[in-house]
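Thanks for coming. I will go through one structure today, a few places at a time. Please have a look at the sequence and the model first.

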Amino acid sequence: MSDFLPTGIQLTYLVAASLFILGLKKLGSPATARNGNVIAAVGMLLAVVATLLDQQVLNYEMILLGLAMGAGIGAIAAYKVQMTEMPQMVGLLNGLGGAASALIAVAEFWRLLATSQPIPLDVNISILLDVLIGGVTLTGSFIAFAKLQGLISGSPIKFPLQQPFNLLLLGAYLVGSAYLIITPDSLPIFLGVVGVSLVLGVMFVIPIGGGDMPVVISLLNSLSGVAAAAAGFVVMNNMLIIAGALVGASGLILTEIMCKAMNRSLFSVLFGAFGGAVAGSGGGATGATGDQTVRSIDPEEGAMMLGYARNVVIVPGYGMAVAQAQHSVRELADQLERMGVDVKYAIHPVAGRMPGHMNVLLAEANVPYTQLYDMDDINPQLEAADVALVIGANDVVNPAARSDANSPIYGMPILEVDRAKQTIVIKRGMSTGFAGVDNELFYKEKTTMLFGSAKDMVSKLVSEVKQL
């Protein structure tokens, strides 16, 4: 039995790792994402049970208490948090993942120090890296949460000599780490390194504007995985290394996808202060800005355009999320389909405030996955669309990205709704998006504006369409 246990634990780890990979694969599609979560959760349960047996943890009362508390908090959060607040929740979860990994490093350093055991060089380096990555992920995620929640300004926060200050912090971390490698028994220096890591996380995120939050969230998710892998090296646990590496790699790939969707490098996202100008260029539905004319319609006219179309493409954006209009949008689509209209949804990779934000909202409203089209798939079809209905999206449909070389969003791939035969934009007013630039789409000859809250306007469209 004693010979079988180590072999059985490693085999369990192998099964758990396989389930992680399979679950990650299924997360690539909205249609299979739920099953992917379940499969990965089963893998994690197997990994936790195997680790408890491997470490011969006998105090199961504390383990069960922790599981009960965590499950309770998680269940309450899952039911109570609004879908519009999901980016904030993801940010918090990323931070807690980084905190858990950093605490493992702190606890292991404390244990070795308390028992007067020598700290091997490889373990010492792993601890220091885990503290850095975990600390940056923790405070960086909390700052991202605060920006998304509106607790602090979503604009880039800068101050004089900011970059030299950051370099000074990084230098302090490196000097402290070098000292600990040479003299690994100094608790004050170690706590100082921990503190510097936490401050670095704050300084990492505050200069980044709200328009880059999808990239920041995916990057912090990747860092939480790297921190977990580092924690695996600290405690010599293969499963933790594998799981952390999977999260780190997948998060980095997602970050690269987000950057490509914005036509920007990761360096420019982190250090370019993009999205800082959030002030609108106009206050409301005045009908014109300078010599550019805006054509507005009422819900009755909009309903006629939609009801008599053959095919309609719906483009959801953050305005839909804020108004919680996804259920009304589904109702409108259902009504149009009863009238014989072909309805599709166009999803931009960075629409909203986290990767896949629109997919999550539409899934909550039970929109069929077969109606969701990625940007590359829907763009060739937009020219044949009778009506493109834009609900709360802004920068991701701005033709300036294609035509204005001086625009800060120039070169960013967009949903080319201006190529549709007619475009209806539902928006509260003429304010700019996160990029802080005016939207050329609003002034196009084929564009009409339906001013008002997304939920109110879509509900009125539903009522008017039913009367056709």
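I start with one side chain: that of Ser222 reaches the backbone nitrogen of Leu252 at 3.5 Å. I call this a polar contact, meaning a pair of N or O atoms within 3.5 Å; within protein, one must be able to donate a hydrogen and the other to accept it, and residues adjacent in sequence count only if both atoms are side-chain atoms.

Some words on the source. This is a predicted model, in which local features need pLDDT of at least 70 and side-chain atom pairs count only at pLDDT 80 or more, while totals for chains, interfaces and linings use all residues. Residues are numbered from 1 along each chain as its sequence is written, and side-chain values use heavy atoms, with hydrogens and water left out.

Back to Ser222. The side chain of Ser222 also reaches the backbone oxygen of Gly248, at 2.7 Å. Ser222 sits in helix α8, residues 213-235. Helices here are DSSP runs of H or I with at least four residues, strands are runs of E with at least two, and both are numbered from the N terminus. Is Ser222 buried or exposed? With a relative accessibility of 5%, Ser222 counts as buried. Buried means under 20% relative accessible area, exposed means over 50%, and partly exposed is in between, with a 1.4 Å probe and protein chains only. Apart from neighbours within four places in sequence, Ser222 is in contact with Val247, Gly248, Gly251 and Leu252. Contact means heavy atoms within 4.5 Å.

Ser224 is also placed in α8. Ser224 is buried, with a relative accessible area of 10%. Its side chain reaches the backbone oxygen of Asn221 at 2.6 Å. Beyond the neighbours within four places in sequence, Ser224 is in contact with Asn94, Gly98, Ser101, Thr137 and Val247.

Next, the loop between α8 and α9. Met236 is found there. Most residues other than glycine have a negative phi. The phi of Met236 is positive, near 55 degrees. Met236 is exposed, with a relative accessible area of 54%. Asn237 caps the N-terminal end of α9, with a side-chain oxygen 3.1 Å from the backbone nitrogen of Met239.

Helix α9 itself covers residues 238-262; at 1.5 Å a residue its 25 residues should span 36 Å, and its end C-alpha atoms are 36 Å apart, which agrees. The expected span is 1.5 Å times one less than the number of residues. Among the buried residues of α9 are Gly244, Gly248, Gly251 and Thr255. After α9 comes Asn263, with a positive phi near 55 degrees.

Now for the packing of two other helices. A pair of packed helices is described by the angle between their axes and the distance between the axes. What is the crossing angle of α4 and α7? The axes of α4, residues 86-114, and α7, residues 187-205, cross at roughly 175 degrees and come within 12 Å. Axes are lines fitted to C-alpha atoms, for helices over the stretch in contact, and angles run from 0 to 180 degrees between N-to-C directions. The two helices are therefore roughly antiparallel to each other, a label used for angles over 145 degrees. On the α4 side, the contact is made by Ala105, Val106, Phe109, Trp110 and Leu113, and on the α7 side by Leu187, Phe190 and Val194. By class, that contact has eight nonpolar, no polar and no charged residues. Nonpolar here covers Ala, Val, Leu, Ile, Met, Phe, Trp, Tyr, Cys and Pro; charged covers Asp, Glu, Lys and Arg; the others, Gly among them, are polar.

Pro118 is exposed, with a relative accessible area of 71%. Pro118 and Pro184 are 66 residues apart in sequence, and their C-alpha atoms are 8.1 Å apart in space.

How many residues of α5 are buried? The count is 22 of 29, so α5 is largely enclosed by the rest of the structure. Gly150 follows α5 and has a positive phi, near 80 degrees. Leu161 is in the loop between α5 and α6. Its phi is positive too, near 60 degrees, and Leu161 is exposed, with a relative accessible area of 67%.

That is where I stop.

Technical notes: Parallel < 35°, antiparallel > 145°, perpendicular 65-115°, else oblique.
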